[in-house]
Amino acid sequence: MGGTIFLVNFFTMGAAPVKIAVCIKRVPEMDGAFKIAASGTAVDETGLKWDISDFDGYAVEAALQMTEKLGAGEVHVISLGPDVVQETLRKALSMGCARATHLKCDVVPFDPFAIASALAAELQGGGYDLVMFGKMSIDSANGAVGLMVADLLGMPMVHGCSKLDIAAGAGTARREIEGGGELVRFSLPAVVSIDEGIARPRYPSLKGIMAAKKKPMDVKPAQLGPVRLTVQKMDLPAARAAGRILGEGAAVVPELVRLLQQEAKVI
Amino acid sequence: MTNDFFNIDGSLSEEERAIRDSVRAWVNDRVLPIIGQAYVDGRFPKELIPEMGAQGFLGANLPEEYGCAGLNNVSYGLIMQELERGDSGIRSFASVQGALVMYPIYAFGSEEQKRRLLPSMAKGETIGCFGLTEPDFGSNPSGMITMAREQADGSWILNGGKMWITNGSQAHVSVVWAKTNGDPDASSIRGFVVPTNSKGFSARDQKGKLSLRASDTSELVFQDIHLPADAILPKSGGLKSPLMCLTQARYGISWGAMGAAMACYEECLAYAKNRVMFDKPIAGFQIQQERLADMLTEIVKAQLVSLHLGRLKDAGTFTPQQVSLAKRNNVSMATDVAREARRLLGAVGILAEYGAMRHMANLESVYTYEGTHDVHSLILGQAVTGLNAFN
């Protein structure tokens, strides 16, 4: 209650509206079957469908909800990669983000530091109160870019927020940790990464999709950092071995229990 | 994607794909988890209406100045496809609201009627129904007996009744087509915006449906309803006006039926790959492969018909006869696909947990409404021979 009153005072005192940047990644949807490309070091992209990485989508939604709740401020969305990432950026615009920045490069490097360098160069001096990431991309799953950006910008970093609130130059966040949760408080500007459970991304409304075409999309060359980390080889998990049918009825239960204990070692 | 064998996606714009994907995600999350039970209960899930309005699904191809999304006709078709992937009843609701109520208000209404009604209909706050069909006049609407008589002060008295009216019992307004001033000729037909709380208006749900169970279908009775002078749609005139509405709706149905067919195909394909019989997945048997190949081929053909028709409609060059071909082909195709899918599913195919039998039963209504399959045969027959075989 006290927090709410404080917030109202903060904005009626004429403080600047909050400015949030959300960094998103275009990734393949995970419900399909994957093949490894001829290079052996990447996924074969033929026929894949692409979307905003899941955790990044939660971050976009959380950012929009915060500005809607505060009644002031705007959300910028940033992505790095080839021209096709503009489609992913436009999806975020259609959800309600105000403007997009495409940091253009032919290939998204695997090295998180190379990506973080380009993002930090863009974010530096942007006047953002909060820079948001998903806690990891669902394809490469490094979970490192946000942390590195925070370090490069010299900002506090909260990794894996499941709740988030900001007001008057400071924020609070909840993190889920093994066996419980913790509430943290941090000063702004800050970098946060978002865990699942914070907010379910809205469906872009049809009017939102139409409006997205008219919103600003800045395109700039990505100032990638040095690439010192590359994938050498990818492989698929081994095919699951065929199951075994022991028989039917209560008579086979002792044998089943024995195998689960001694062979599978699961009980 | 399994159902995009001909890379139709490559022929859609980014915006069209974004619209399709957004509606698809909404249907997956909001419709599919509840629709089987709603169907069994014989209940239209009206709790979805505000969301459909907020998302912009209603009258989506009408202009933004009236609170609509202002989409092109291919996008509109994709919305219908995705809604009917959920259920024909959900798509029927959107078709009636958009193509049969909002469209005539937009096309034949006064500026005042448009400003008053279209924005709240786009939001789903005002629900509409369309009264053309009568108990004894279905395929032959020109024979209708519902009559509006103009009074000395310019107001109207409406008498008659309508049948098989989707949304009838939940609508706030009804666009009613009636002959005027005792003239039995179809040229006297005009459209009226009738508030359903008018004295003398009654609606009763038709019970015992074995199809479109997740949709309200009603009988309307008009007994000496007194309507103000401005209830008439001023630019409506003759049977051509309601037929123009039907052309809009039939266009959407040609896409919608594909959604139902794609849902059935995907469901039975997944089942065939997992269901083991005689020690291998049934998808490995030739009979099921032929079924799947036939379904896929027919779906692809229908997709190409509807997409091309949509491009013609956007270019302003499509004809009602082309819409008849698409409605006739695609709905007939979808009924066949749904039936074959149900058969491939074997015993589980009769359960509401699976979609095929629900779609199969729904599509029998879709086959019969908005111009029966047979009537579209006669429209096409007349178009190619120049000879009228209707009577």
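Which residues does Trp26(B) touch, not counting residues up to four places away in sequence? I started my notebook here, and I keep in mind that this is a predicted model.

**Entry: Trp26(B)**
I looked up the contacts of Trp26(B) and found Tyr203(A) from chain A. On the chain B side, I listed Val31(B), Leu48(B), Glu51(B), Met52(B), Gln55(B), Phe57(B) and Leu83(B). Neighbours up to four places away in sequence were left out of that list.

**Entry: the cores**
Next I checked the largest nonpolar core, which has 107 residues. Trp26(B) is among the members that touch the most other members, and so are Leu206(A), Met52(B), Ile79(B), Leu83(B), Ile105(B) and Trp177(B). Helix H6 of chain B, residues 240–274, gives this core its largest share, 17 residues. I also noted a second, separate core of 38 residues, which includes Ala63(A), Leu70(A), Leu89(A) and Leu164(A).

**Entry: confidence**
Chain B has an average pLDDT of 96, and 99% of its residues score at least 70. For the complex, the predictor gives an ipTM of 0.86 and a pTM of 0.89.

**Entry: Lys179(B)**
I found Lys179(B) in strand E4 of chain B, residues 173–180. Is Lys179(B) buried or exposed? Lys179(B) is buried, yet has no salt bridge. I looked for the nearest side chain of opposite charge and got Asp183(B), 7.5 Å away. A polar atom of the Lys179(B) side chain does lie 2.9 Å from the backbone oxygen of Pro184(B). Pro184(B) is also one of the residues that Lys179(B) touches, a list including Met144(B), Thr146(B), Met147(B), Asp185(B) and Ile189(B).

**Entry: two leucines**
I turned to Leu132(B), in the loop between strand E1 (128–131) and strand E2 (147–150) of chain B. Leu132(B) counts as buried because its relative accessibility is 5%, under the 20% cut-off. I noted contacts with Pro141(B), Met144(B), Lys162(B), Ile165(B), Trp177(B), Pro242(B) and Leu246(B), not counting residues up to four places away in sequence. From Leu132(B) to Trp164(B) I noted 32 residues in sequence and 9.2 Å in space, C-alpha to C-alpha.

Leu158(B) is in strand E3 of chain B, residues 156–166. Why does Leu158(B) count as buried? Its relative accessibility is 0%, so Leu158(B) counts as buried. Among the residues that Leu158(B) touches are Thr146(B), Met147(B), Val176(B), Ala178(B), Phe222(B) and Ile225(B). I also looked up Ser306(B), which is 148 residues from Leu158(B) in sequence and 39 Å away in space, C-alpha to C-alpha.

Terms used:
Residues numbered from 1 in each chain as written. Chains lettered and ligands numbered in written order. Predicted model: local features only at pLDDT ≥ 70, side-chain atom pairs only at ≥ 80, totals over all residues. Heavy atoms only, no water. Helix = DSSP H or I, 4+ residues; strand = E, 2+ residues; numbered from the N terminus. Buried < 20%, exposed > 50% of the residue type's maximum accessible area, 1.4 Å probe, protein only. Lys, Arg positive; Asp, Glu negative; His and termini not counted. Salt bridge = Lys/Arg side-chain N within 4 Å of Asp/Glu carboxyl O. Polar contact = N/O pair within 3.5 Å; in protein donor to acceptor, adjacent residues only side chain to side chain. Contact = heavy atoms within 4.5 Å. pLDDT = per-residue confidence, 0-100. Core = buried A, V, L, I, M, F, W, Y, C linked by side-chain atoms within 4.5 Å.
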